[in-house]
Structure formats: structure tokens, C-alpha cells
Amino acid sequence: MRRQISEENERRMASMTEEEIDQERKDIVERFGNGVGDLLKKVKEARERRPQSMEGDREELPEKSTEVVSRNLDMKSATDSLKNADLIPSIIKPNIQRAKKPHSILLKSSTRPSSRTGRSIRFAEVTPEDVHVYESAPASPKRKPLALPPPPGTSNGDIISLSTWKGASRMKSTQPPSDSTERTVSSEARNPDMEVDPEEGTPEYIRRRFFPNVPAHDPSVAWMEALSSNPTNNSSTGIRFDLTGTPIPESMSMALPTHLGLHHHADGDRAGYTLDDIFLLSRSSIPAQRATMLGVLSKIIQRLRPNKGSKVIRIPELQGQEDDLRRRVLAAGLEAMVERGSVGARAVEAIWQCVVNWDADVAGIEGAELQSSKTDAPSLLQQDFFLSQIAEAFAQMSLPPESLVQLLGIVHRLAQQSNIMAETIMASKNLVSNILQTFLLTPIPPTKTSPLPNPSALQLLTTLAMASRSNASALTEPADALLRFVTILPTSSPFSTPLAVSLLTSTLRFYTVLGSYGMYAHIATTAAEQFAAVGSYVLSEACQSESLMEAWLGLLETWLVCATDPHRTTPPHEILWSQVVGWAWADDVLTLRAKLTRRESHWKVWAGLWRVEAAWLEGARVNGVRGGETERAGILEAIGNGFEVGSEKDIVAGALIALRTELDRLHSPSLWTDLASDVISHLRNSDSQATVIFSVLRLWLACMPLNRDTPLEAPPFLLPFSDLSAFCALLVNHPIWPHLNTDNTIPYQSYLRPLTNVLYYFLRLSRHIPGTSPDLWVAQAFSITCRLLPGDEENGLQVTKSILAMMTPDFFNAGGMEVPPIIWEKGGMSIITPFLVHAIRSSNEVYVGPICPSPQSIMGSTTQRLLHPTLDSKHTLPLSYNWIFSPIDHLLRSGTSPVFSSLSSSWDASETDVVRATLLLTKVLCNILLRHHLLEFVPTRAEIIFSCMKIFMLEHGQTQEGELEEVFRDSIVERFMNDLLVPIVPASSDARPTRQPGERDDLEKVAASFLGSSTPFYQFYTDFVALYDAISFSHPLFARLLFPPTSMLYPLDYRRHLWMDFGHLLKTIRTPTAQMITCNVDEYLWPVESNGQMLSAYLKALVKYPLDGFPRFIAVHHVACTIWPDLRGTGENEKTEASINMLKAVIEQGSGSLVKDIFRYRQSRGECVLLPPYCLEQDGQWKADRLSYVGRALSVDVQERMKGVFV
């Protein structure tokens, strides 16, 4: 047979031209490569060497099988076949023996047992052309495909099927297939018309493509049929992610190929992983899989983290679920953190993303607690367990260096979270010591394998010390070890210069924080030589780091304050003023002045320099000869010219312009939506510029002569006083204050602390500027006091005491205000001073250190950070605008008031005395603030009303003993209350300018600050009404205060309580309508009352009682509006059952005067309110319309009878 085939091939070759032969040769080389000739030659040689016994076996091959092999070995036939199929390349590959020896199932006789006798193993010689690289394809599950690829979709006669695979179950049979079966199979294989190519993506296509050796209906691939019949049954509709944490659009999840690794789950045929998949796999027992999923969670959190100012929602499907998902990822990371290898590293990264990178915008804020609530993610950590695991990780050093740095960042962020958490970190066993060993106490000089010290660890120590005095005290023990970064200057350091400078800067800042508590100042003496060397380096040209200059100046300022009063350091006498003088720090600072330039990067260094000079002069005033006169003269001689024509003048002017520009940008309301990133940037810039301004103001005040509280003939040095005054006027009324006085903006208040210092120091300076009148200074002082923040208590106390000291008879006489002499006889304002002082600093348990330390603060401060007000109720700043009424609050709670329990034995004043002084101070402040157009700081109508109500409530629960008169009946008290209420009545000619409505005009919200969340204002009001019923005897002012909560602005309960439960009181009230307490009468009239019970109460009061004044006006209005369509504004001809019944009741039950008032009452909503009698004297077509309405609603007879009401 082989000879016949060979002869046939030779005949065909002989009939071909040379061009055809060359073309066929090129086609073969193109398809099989250049080595195909050598391969065929080797095959031929192997065949010739084959024994004859093998040839005998070959003759027994079936005809078709022999034909296939022969065709495959024939070059010409191979060429023809390759034009239509990819079957031949696999057959002619080196494993050609397997192609020549088919399975025994294909043999006609398979009874001869197999034998390995005489067999040997040989390997083909593989050339580079035999190596093929295929595109990435999905791995078939569990089973490997056959060596031969499937036939092409379009078959032709040159490709002949060897047979049809019957599945693994057929291999168990030892019987050969019958001839009929074989003929059928062969016939089907040879007939191309009977084969239909399956559609791509169908179960049959998948079976043929990936499982060609599995029968069509094998149970092992039945899952494909179920998937095809209902493809959405098992598909999750949740968002899916790829391995980079990127959301996969739903339109792509069905189209992505399987080799991307996104189908390794049991949830349908969609690519990607749902959140449930990821969280499940993050607990996998396979480390690689678990690490991968933790990495995906980290990437998702990175995408979800808030982006201040961006309106783009990165993953819209998860909007509103960010916090919950953050907690879940944090829990997953905590669970895997204890694992070793990549799982632990990925877990640390996930925790870092949730804790540190989540709110990176606030991570740089060191002056405030970052905790927004007790339920945010970092606060929910199991601190003891978590911190112990971190300490163990630092001790073992088993994690990669990057992960250890991330753990350090996590600990730092937790220290920023709250003071309580910072103290927990300090108390955690071995945590701080391990951090020191790992990141700071590294070998010096470093080896090739040893880590370098990390300045972030020093920043952590600084944050921990800022959190509390107890932390700072504990950190003084390892503080000595940090001298290694001070003793080795950057010029001789084994570390790189940037690293050495950073380490030195961070160490100086850490010592500064310790000094702000009056601690560790003795190191200035112990290491005097080393710190002198640091000063020399800072003054040299080698030092170009502005941060290092600032840190050095800040440390000198703190130590100067400690030396001013050595008795206040901890322990006392840590540093002495004589030592400071000997070290000549003042001369060093003046030397640095010559090194600085006008460029903006030096502005904060200038500010630090001015603060050091101010601290030097303030200390010299206490410890120097003749109050530091010589020191002041020396400083003024050195700097005076600079503020006139030098760098200092340009820097102050430039900082003032830049600061005003930043605040002008912050005026836009749109910037404050969700704290845009622009707002944060402007706040940071304003922080730096405001620091420059308040520093120069402090220096100016330090250069003042002793005991001068009056205007100066000449200033110590020149400043742009008019520009400073205009700027402070703009600043005190800026909207930045209310915007940053909410719970979620507390951390950003730290940016405002330099601004409050600008206001405070300018206020002190303003008193010495010629032309500042006493009442102008009082107006400035009161408004600035309301802007002070925690940490400014010391400044607030000084300002408040100065205000009260100015409240003298001469001050009131100069303003033309008459004050009853009895007030001065009882002690004047001194009797309310303890209450106002307590309003500013209620407790020393929480003492936030100021920006500029003082001898008082270094001894008393408990923390250097702003605390969250909702988590610490001892915060009193910022003050509310009605804080001036605080003495009355203490009177109402005298039994539990801490002020009363701490009053000295010399304090002797009655409730009436306290109320008189409080009302007088409130009255004068209101007049002064209005005169200088500081409307925002004037108590609102609701604040004044509630304060007056509290004065009446002083009698609540009191037993009448003796002949003591109620406080509200005192003529002076009554006069002052009426004076406060005059501007908020309609008839007043001295009405206040209107303000935008807000929370301060809401009685319920104003009362909440005093009553607390557990006592509603409604309960207070019911007690107030009951007290009026019991003791008022129709007191006119008491009666007027009953009505403000009954306006249409407040719930129905208030009106129902007065008009229904205590309706009998209405006949005792004779308050004229023009004297009712309101800035807008409309609030009592509109919208028209719709409650049937209240309308009945109004009508009942009108019919039953002889109502007069304001109560009658209100009742007539709502009854008339219910009856007449023209007042309701619902159409002239509209009539309702309620209006008809109400009209009938008025005509049948009302007196003649009542009927006339109801018929004649006229009011137009949206226009100026007409008060009686003008609302009853109007004329127009509406009169005829109302009579016509009576005829339609009741009868013509009634209409005729009612015509007389308009006569």
C-alpha cells in the first residue's frame, strides 16, 4: 500500500511544472516551518530502519486509518489538507509514534494481549521551530483536552475522522465495537452535511471547545445546560469588582473572557466578584487567595474614601454604604492581621486604608481630636487586642518594612482620634518601647542591613504628648534617648542631610510640647552645650530648612515662658531666668533676623522670631530690672527701623493682604457644601498668615510701657493700624465662624485658633489707639469674646473682667443712661462676675493649652488639643450669644450650681440683686452693639423672651415665706425687662433691624441649651402657664409672655394648652395688640388655623368671655378667615361646611359687636398687617360679596338682616 501511494505521489509530481512545485514547497515551508524537510527525512529514515515485524503489523491497519496516516506523511497530501484544517500540525509533531499506533479499539482484531516486549522509548529532536506560543486561554476544569485539537468548523474531504470519542465510561468495556457501529460512526464522520456547528456560547459549543472528550449528555457537564436555560438565576445583581478593585460595568461582566481570573466563583456566568464573594474569599484557607481578596478590599476602600470638594461619586452603587463597608473591611483586616506572610501584609494594608487613608484630609491636623462620634470606625476597634498585636508585630519584625511603617501610621492616626485612645496607646504594654526600638533607636552609624530612623515615630510621640499631661509626663522618661538626634548635627550626621534635619526638627518639636506642660525644661541646662551647637547651626548658612528654624524658635519661646515663672514648671525650678539671660537667646534671635528675607516661605519663621522676642520681653517685665526697660529698649532699637522701611513692614502688609484674600474667597456659600477641598486649602493658608499677624501684634504689646491702659502718644513701632482695624471688623462678622461650629467640622477649628488670637491681640492693641471710645471698645470686646475657641479661656477671662471693670457710674453717665444707685450700693457688676467667669471656664478638669503658652497654662493645661464638644460636655467655648444671661441660669439651679458652692463668704447678694445687675449689663450691651452695627451679637427675640420667662420661673416651686416680694415684681427688674422687650413689639419706634430667621429665633431650640435634651420646652411652657394662673394676678408683662409660643410657627399643642386647657385665663389678659411681643405680626395670623378644636376654642372664647386686646384680635382673625372666602383666598363663591357652621354660630350666638367685627374684619396676606381698629374700617366690593355669600350659605332673610353690620 505504501509503495502504491509513493508511486501515485511520484506521478503527480511528474505532472507538475517547476513553478507549481516551487509554490507547493513554499506553502509547506510557510505552514510547517523551515525544518519540515529534515523532519520528514528523519521519519523516512526511521521507517526504513523499522523491522519487518513492525511492517507486518502495519499491514493490518484498517483501510481508512492507513489512508489517514499515509496522507499525513505525504507532503503533497499534507499541503492540500493544511489549506482547510489544523489537524496535520499536531500529527506531524515529534510524537508521531502515537499517531501511527492507534488505540486498540480501532483495530479489527483486538484479542491479542498487549505486550511491552521489544519496546523502547525515544525522544524526538526538538528545534526552535517546534516550540509554539499560544494566546492565554482558560484552563478547563478538572480534565485536560486531547492532544489533538478539534476539527475546524468547516469540514472538507481532505480531513477524515479517526473515530468519535465515546466518553470515559466506554473505556471500561473490553469488547471491541461492532462492525455496524464502526461503519455508522465512520459514515457520520465522513458526511459533513450531517454536522451542524453549534452557536458560540451555547452548552454544546463549550463542551466541544473545552471538554471534547466528554459525551454530549454526560452528567458531569449538566451544569452547562441549567446555566443556559436560565442564565440569570444564579447571577447576582450586585456590583462586581475585578482584582484591582475596579467596578465592572454590568454590560461588560457577561462579555469578559474567563482567562482573566474573574470567574472563579459559583455565582452565575458573570465576570467579577461581588462584595459577598470578596468577603467570603478573604477568609479562605488558601493564603494566596485570601491575600488577593484582602488586596481587592484595600483598593475598594481607596476608591470609596471621601474626596473633599469632589462631586464625583466613584462607586455610585455604594453611595450611602461607605461607613458600613469601611467597618466590614476593617473587621476583615483585623481578623487576618495575625497571619504571617502576604496575608498579614495585605491585612495591614486594608486596616491602613480604613484608618489612615480614609480621611487623609484631616490627617495633618494635630491640634484637635479627629473623632467625629463614638461610632466611627477607628473608635470601634478592640483597642487592647489590636494594640497588643501591633506591639507584637514590632517586636517580631516578621512583616515587611512597608507594613511596619503602615502600622506606625495606624498607631499615629489612632492617637489623633481622641485623647482617651492616645492614653490607651501609652498604657499598652511594650507598644511605645517597641516603636522606639524599631524606628528610632537604630544603630549609629547605620549598617547596610539596619533600618534608618523614621521621623514619623517622633511625630507619633509628639501627638501622644499633646493628648494629655499624663502622656507627656510618661514620655519624659525616653526623652533622653532622643538627644542622639540633637548631639549629632546634620553636618556631621551619618544619615543623609534631609533625614538628619527632619529628625532634629521633630525632636525639637517634641521637646516643645513637653515644655508646654512645664516639663523637661531642665534639658536646656543638662544639654546646654548641645543646644548651643544647634543654635549655631540654625544661624549658619548651612541651615536652609525653614521648618528647623521654626522648631528651634518654638522651643526657645516655650522655655522662655517656663523661665518667666519657674514655680509653675513640673517639677518647680526646671529652668531659671538667670540661665536664660546667660545663654543670650535674645541675641541669637536678633542674629537670625539678619538671615531672613521677605519671601513668603520665611513668613512663619518671622512669626516665630517675633513670638520669641515677645516672650523675652514679657519675661523681662516680670524678672528684669525696672520691669525690663533695658530689654525693651534693646529690642526696639534693633527692630524699629524694619517696621518703618524694612522687611518687617513688607511682611506684615503682605500677610494682611493675603489673609484678607483668603477670607474673601471663603465668603462663597457654595464652598461650604460638604467642606470642599478649596475650603481646607484656604483655611490652611489663612492659618499661616494669621500666625504672622497675631505674632507681630503680641510683640507690639510686649514693647508697651508698664501699666498703660490708655491711648499712647506714640506707638512702640509702626503698624498699619487702620488696615488692621478694618480687617478685624470683617473677620468678626465673617460666615466662617458658624460654618465651622458644627459637630463634623470640629477638627478644622484648629485652623481658626490663629484668627481668634488676631482678634484678641488686636482688641488689646485697640485700647491704646487714639480715637477708640470706651463704648466702641466694649462692643469690640463683647463680639470678640463670642468668637473665642477652646484654649482661649485665659484670654476670654481677661476680656470679660475688663468689660465688667468698665461698667462704672461714670461709664453709664457718659452714655446718658440712668442707673438706680441701689445697684452700685449692692456691689455693681462684681456680684455677677463669678457667674460670667464660670461661663467661660466651667472646670479646670479640661484645660486646653493656648497657642502661645503662658505661665498659667504650663501649670494648668491638661491637653494641647481641641476636644470634641459632644464627647466632652465640659467645653464652654465658643460662647452662645446669650451667655450674658448665665447668672439667671445659676439662680434657677442654685441647689446644684457649682458657682454657689464655691462663692466666697464675702459674697452677699440676693436673687433680685443678681437679676438687676444681669439685666442692666444686657441692656447696655444691646444698646452698644446696635449702635455699632454688630447686630449678630445682639440677643435675639427668642433669647430675650426665654430669659425673661426664666426670671418669672424663679418663683416656680418656691414656698411663700415671710414678706419677700417676687423678683419679677421688683420695679427695677420690671423696668429693665420692659426695656429689653421694647425693640421687639410692633408699636416700638426703636424696633431693631430684622435679621435672617434661624435657630436663634426658635424658642424651642434656644431653650434646649438650658433645659437639655431630656426636658422639652413644652413642659417648661406648661409650668409657666400654671405659674401665671397661680401667682400672676394679671401681671401685664407675665401675660404678654404667654403668647409667643402660641404663634403659628410652633406646634398646635401650645395653642391648645392656652386656649383650651387654660382658656379661663384669657379674660384676665388686656394686652393691647400693639404691645404684643413679636417682630412680625404675620406669624400669629398665617397660615389660617385649620384644626377644628382650635377654631371652636377661638369661637368659644369670643362668645363666652369678653376678650379684649391681642387675644380678641387673634380669635377674630382665625374665625373670620374660616368663614369668608376672600380671606381664605380660595375663591369668592366657595363655601364649605366648616365655614357655614362657623358663620351660623357667630350670627346665632355672638353679640352684636362680635358679629360686626367678624363681618368687618379685613386682612390681606402678603401685605402690611392691619391692626385694630384699621382692620375693621376698610371699604370695598368685598362687603357686597360677603353679604351675597351669606345669602347663598344661609338664606336671603339672613342676608337682608346682616346688611346693617356695615352701616
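Predicted model: local features only at pLDDT ≥ 70, side-chain atom pairs only at ≥ 80, totals over all residues.
Local features need pLDDT of at least 70, side-chain atom pairs count only at pLDDT 80 or more, and totals for chains, interfaces and linings use all residues. Residues are numbered from 1 along each chain as its sequence is written, and side-chain values use heavy atoms, with hydrogens and water left out.

**View 1. The largest nonpolar core holds 339 residues.** Such a core is a set of buried Ala, Val, Leu, Ile, Met, Phe, Trp, Tyr and Cys residues joined through side-chain atoms within 4.5 Å; buried means under 20% relative accessible area (1.4 Å probe, protein chains only). Tyr511, Leu719 and Trp1059 have the most contacts inside this core.

**View 2. Here is Trp1059 with its contacts (heavy atoms within 4.5 Å).** Leaving aside neighbours within four places in sequence, Trp1059 touches several residues, including Phe1043, Met1094, Tyr1098 and Pro1111.

**View 3. Helix α31 (residues 629-645) bends by about 35 degrees at Ile639.** Helices are DSSP runs (H or I, at least four residues), numbered from the N terminus. The bend is the angle between axes fitted to the seven residues ending at a residue and the seven starting there. Ile639 is also one of the buried residues of α31, as are Arg632 and Phe643.

**View 4. Helix α24 (residues 497-516) is largely enclosed by the rest of the structure, because 16 of its 20 residues are buried.** Just after α24, Gly518 takes a positive phi of about 75 degrees.

How values were computed. Buried < 20%, exposed > 50% of the residue type's maximum accessible area, 1.4 Å probe, protein only. Helix = DSSP H or I, 4+ residues; strand = E, 2+ residues; numbered from the N terminus. Expected span 1.5 Å × (residues − 1).
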